[in-house]
Amino acid sequence: MRARVVITGMGVVSPLGNEVGTFVDALLAGRSGIRPITHFDASALPTRIAGESEIEPALLESSLGDRKIAFARYAAARAMEDAGARPRGKGSVVMGVGLELFAMEHLLRLRAPGFTMPVSLADRLSFLQTPSDLAVHLLSREHGLTAPPTCLVSACAAGTDALGHAFRLVATGRRDWALSGGSDSMINPLGAAGFAALSATSTRNDEPTRASRPFDRRRDGFVMGEGAGVLVLERLDDALARGARIHAEIVGYGSSLDAHGISEPHPEGRGAHLAMKRALDDAGVDTVDCINAHGTSTPKNDPVESLAIERLLGERARHVPVCATKSMIGHLISAAGAVEAIASIGCMQQGMVHPTINLDEPDPACRLDYVPHVARAHAHDTVLSASYGFGGHNAAIVLRRWPHAR
Amino acid sequence: MNIAVTGLGQVVLAPGERTIDPMQFLVARKTRKFMGVQDDLAVVAAARAVASAGLTAPLGERAGVFFAVGYIPFEETDMAPVLAGSIVDGQFSMRAFSEVGYQRAHPLLAFRCLPNMPVFHVSLNLGAQGPYIVAYPGPGQLYFALEQACAALEVGAIDVALVGGVAHQHNFLVEHHLARTDDPVRPDDARDAAGVLVLERASDAGARVRLRLESMSVEYRPFDPLHETPARRESFPVTAPPLAASMELGPATLPIALCEGHRTHRVETRDGLVCESTWSEP
């Protein structure tokens, strides 16, 4: 017997603001959060634009200067506030967290003669690189979650995977509730250079707000973003009993491995299709009313993802709106799935689908209804949010509006 | 519990041994250039486990891969040319890094160190297209992978689960990490290792059952990671060389304990988890 699981708290850090309402309104207005990089001097890199997020300096400092940890703490605090009273019982933190990337200046210091390790544990942990899993332990302690936490690193699918696994834990009664989502920041020299070396990021530096253009014929790569999305998941009965405000129900999760190519998806979208199909099967439905696509704006992802959706929905595919949040905030990597789930819920609550901006001329291989440029009124009860990771990790969740009409 | 181990595989590199050649298990030789040490270890351990279970690749859509992967490895030799090209007057220069340094990085470097790559290479070479987990980075996270794999088997979502742990620890970045915590690990005590279990429903596995999972528990004590490092203790009295009781095997520890013949495993991890499992032979 599986319990119903609902979302009762949401917190976000995004290039379009750190308050859920503001974030969703900006998406519905079709605003772009992509700008020239300011975190460091990127002027000589091939890609010099990104979706940077703001965070309080004091919180960043107390997070060892690690942006993804600060983002996670901020979004989790907002999610817990939003949830009101803490859910009852033992909860787990289940988060997708971005990778540690070390500071080149620290590497230089490490190799210098006479180097000695900093004295305090905090200083040692922040030297060279800060362990990513610190985030789940900090959140557990700060919010009183006493069941084992988990840190997932399935690349761009990690945020959706985290929500999916948290959903499973709560639905099966193995945890009472969960604080789950994703946090990431790769807007730093090694991250930006690493993606540039793979020719993965857009070089449309002169038009930052037009650089991320999922499904468009002239897309040339993704745009890095940073941020966090954290959600509170609990059983429906518990949420009703404590009078919690319910944002949405999470009704299905599916994942798959492409088992194909290291940096390109299966050409027929086999893995993406399998993950979405498993999510629908898990939800007990054969279609959804809307899809929040992975939609990276890379040459390889977008047509394959479109093909997978066509395979999934058949004749109905062209009548289901498909939107790409990354067109406005860029790719938040491990945080993407969680932030896009919040976007999906926020739009579903308003009976709207946010636009896919910059979609001036669809790629002929992308034949779906991508809601170009302008938000659309579309009352919907279900939305599928998908994430596909480098290395063939595919994940999808199905969310249902609360209260739902059907 | 209706969970059985039908196959086991492990690799533990001896001191000074750089890696293990996975070539015989690769479906395409050209993928070798993308593989780092952790990928080599994972593929060999998984292939051995699958063979010992009497299964053959491709495992298909109903086989999942549930792994915990150790801290991200970086060889200093990979970063040295990048750093050398990024220094001006003895200081790091972002402009030099942008114009010279980063272009000196090996183009396949990212592929060889990312923690999700072991699962990719296992899925590719064994043809597993089911669900997955890539948990990070300690031995306690292997128990999360085990828990979710068992749940997926019990509800019938999959028929086969590869549950494994892998850690490449002899490199400058992981050695730096292991040395900086309270209760630091001496480099000689860490091993590059992988261990993989093939799990199936006992009721389906029949005579192929090697072990049955009798019980599993994971407890957690929240702690302040900025001010304390919980002590690590493990009931894993390995006697056979090259392993020793104090050996740091990262998330590979449980599968290796089972491979070594132990039927009870308990570990208190540096990240506050207390994990225990008991297994029985048919």
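1. Let me start with Glu249(A), which counts as buried because 23 C-beta neighbours fall inside 10 Å. Do keep in mind that this is a predicted model. Glu249(A) is part of strand E8 of chain A. Leaving out residues up to four places away in sequence, Glu249(A) touches Arg4(A), Val5(A), Val6(A), Arg400(A) and Trp402(A). Asp206(A) is 43 residues from Glu249(A) along the chain, and the C-alpha atoms of the two are separated by 41 Å.

2. One of those partners, Trp402(A), takes us to the backbone. Trp402(A) and Pro403(A) are joined by a cis peptide bond, with omega about -10°. Pro403(A) sits in the segment after strand E14 (393–401) of chain A. Chain B has a cis peptide bond between Tyr136(B) and Pro137(B), where omega is about -5°. Pro137(B) belongs to the loop between strand E5 (132–135) and helix H6 (139–154) of chain B. As background for you, most peptide bonds are trans, and most residues other than glycine have a negative phi.

3. On phi, please have a look at two residues of chain A. Leu128(A) has a positive phi, near 75°, and its place is in the loop between H5 and H6 of chain A. Leu128(A) has 21 C-beta neighbours inside 10 Å and therefore counts as buried. Phe215(A) also has a positive phi, near 70°. Phe215(A) is found in the loop between H8 and strand E7 (226–235) of chain A. With 29 other C-beta atoms within 10 Å, Phe215(A) is buried.

4. Next, helix packing. Helix H3 (residues 67–83) of chain A packs against H6(A) at an angle of about 30°, the axes being 10 Å apart, so H3(A) is roughly parallel to H6(A). The crossing of these two helices, H3(A) and H6(A), is right-handed. On the H3(A) side, the residues that meet H6(A) are Lys68(A), Ile69(A), Ala72(A), Arg73(A), Ala76(A) and Met80(A). Their counterparts in H6(A) are Leu134(A), Ala135(A), Leu138(A), Leu139(A), Glu142(A) and His143(A). By class, this contact of H3(A) with H6(A) has eight nonpolar, one polar and three charged residues.

5. H7(A) contributes Gly159(A), Thr160(A), Ala162(A) and Leu163(A) to the contact, and H13(A) contributes Ala336(A), Gly337(A), Ala338(A) and Ala341(A). The residues in the contact of H7(A) with H13(A) are five nonpolar, three polar and no charged.

6. Between the chains, the contact takes 53 residues from chain A and 56 residues from chain B. Several elements of chain A each supply at least two residues to the side that touches chain B, among them helix H4 (104–111), strand E8 (248–257) and helix H10 (270–283). H6(A) gives the largest share of that side of chain A, five residues. The side of chain A that touches chain B divides into 30 nonpolar, 16 polar and seven charged residues.

7. Finally, the largest nonpolar core has 230 residues, of which Leu231(A), Leu233(A), Ala46(B), Ala145(B) and Leu162(B) touch the most other members. Leaving aside neighbours within four places in sequence, Ala46(B) is in contact with Gly9(B), Val122(B), Leu126(B), Leu162(B), Gly164(B) and Val196(B).

Key
Residues are numbered from 1 along each chain as its sequence is written. Chains are lettered from A and ligands numbered from 1 in the order in which they are written. This is a predicted model: local features need pLDDT of at least 70, side-chain atom pairs count only at pLDDT 80 or more; totals for chains, interfaces and linings use all residues. Two residues are in contact if their C-beta atoms, placed from the backbone, lie within 7 Å. Helices (H or I, at least four residues) and strands (E, at least two) are DSSP runs, numbered from the N terminus. Ala, Val, Leu, Ile, Met, Phe, Trp, Tyr, Cys and Pro count as nonpolar, Asp, Glu, Lys and Arg as charged, and the others, Gly among them, as polar. A nonpolar core is a set of buried Ala, Val, Leu, Ile, Met, Phe, Trp, Tyr and Cys residues joined through C-beta atoms within 7 Å. A residue is buried if 20 or more other C-beta atoms lie within 10 Å of its own, exposed if 12 or fewer, and partly exposed in between; C-beta atoms are placed from the backbone. Axes are lines fitted to C-alpha atoms, for helices over the stretch in contact, and angles run from 0 to 180 degrees between N-to-C directions. Angles under 35 degrees count as roughly parallel, over 145 as roughly antiparallel, 65 to 115 as roughly perpendicular and the rest as oblique. A crossing is left-handed if the near helix is turned anticlockwise from the far one by less than a right angle, and right-handed if clockwise.
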